[in-house]
Amino acid sequence: ARFLAQAAQQTEDEVIRLKALAALSAHAQDHGVVKACCVGCGKTRKLKSCAMCLTAKFCGAECIRRMWPVHKQSCETFAAAREKAAATADGGADEHGAAPAAE
């Protein structure tokens, strides 16, 4: 039982640390300190955007896996907002480009 409690605390501490790192990364980008940086480690080269939300940047699979518990909370929100904005921009067409039916 003590081992499980220690493991849970370590996991919670890691999530807190990762949230702080993600917030620092976002702050640096928002204030022009860097153009873009990995939300997992802060690297600024060879970044790829999250395939779902296209907002978060990662340097590789290790940072994606490590940051997923933190990023997934905002990822779905960003993805939904991006899809809503795209639908509004194209006159309400669905994902296949079809316009809404007239009433």
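Author: This is a predicted model. In the protein chain, confidence is lowest in α1, at a mean of 68, and highest in strand β1 (residues 48–49), at 91. Over the chain, the mean pLDDT is 76, and 70% of the residues reach 70 or more.

Reader: What makes the mean for α1 a reason for care?

Author: Local features need a pLDDT of at least 70, and the mean of α1 is 68. Where pLDDT is low, the predicted coordinates should not be read in detail.

Reader: How many disulfides does a search of the whole structure find?

Author: The search finds 0.

Reader: Why is Cys 38 called buried?

Author: The label applies under 20% relative accessible area. Cys 38 has 1%, so Cys 38 is buried. Cys 53 also has a relative accessible area of 1% and is therefore buried.

Reader: Is His 71 buried or exposed, and what decides the label?

Author: Exposed would need over 50%. His 71 has 7% relative accessibility and so counts as buried. His 71 is placed in helix α2. Leaving aside residues up to four places away in sequence, His 71 touches Cys 50, Cys 53, Ala 56 and Phe 58.

Reader: Which residues does Phe 58 touch?

Author: With residues up to four places away in sequence not counted, the contacts of Phe 58 include Cys 38, Val 39, Leu 47, Cys 63, Ile 64, Met 67 and His 71. Contact here means heavy atoms within 4.5 Å.

Reader: Which members of the largest nonpolar core touch the most other members?

Author: Of its 13 residues, these are Val 39, Cys 50, Cys 53, Ala 56, Phe 58 and Met 67. The elements giving two or more residues to this core are α1 (2–30) and α2 (61–89). The largest share, 5 residues, comes from α2.

Reader: What lines the largest pocket?

Author: The lining has 14 residues, and Ala 22, Ala 26, Val 39, Ala 56 and Phe 78 lie nearest the pocket's centre. The space in this pocket is about 280 Å³. Two or more lining residues come from each of α1 and α2.

Conventions: Residues are numbered from 1 along each chain as its sequence is written. This is a predicted model: local features need pLDDT of at least 70, side-chain atom pairs count only at pLDDT 80 or more; totals for chains, interfaces and linings use all residues. Side-chain values use heavy atoms; hydrogens and water are left out. A nonpolar core is a set of buried Ala, Val, Leu, Ile, Met, Phe, Trp, Tyr and Cys residues joined through side-chain atoms within 4.5 Å. Buried means under 20% relative accessible area, exposed over 50%, partly exposed in between (1.4 Å probe, protein chains only). Helices (H or I, at least four residues) and strands (E, at least two) are DSSP runs, numbered from the N terminus. pLDDT is the predictor's confidence in each residue, from 0 to 100. A disulfide is a pair of cysteine sulfur atoms within 2.5 Å. On a 1 Å grid over the protein atoms alone, a cavity is a set of points where a 1.4 Å probe fits but cannot get out, and a pocket is an open set with protein on both sides within 12 Å along at least five of seven lines; lining residues have an atom within 4 Å of a point. Grid points are joined across faces, edges and corners, and a volume is the space filled by probe spheres set on the points.
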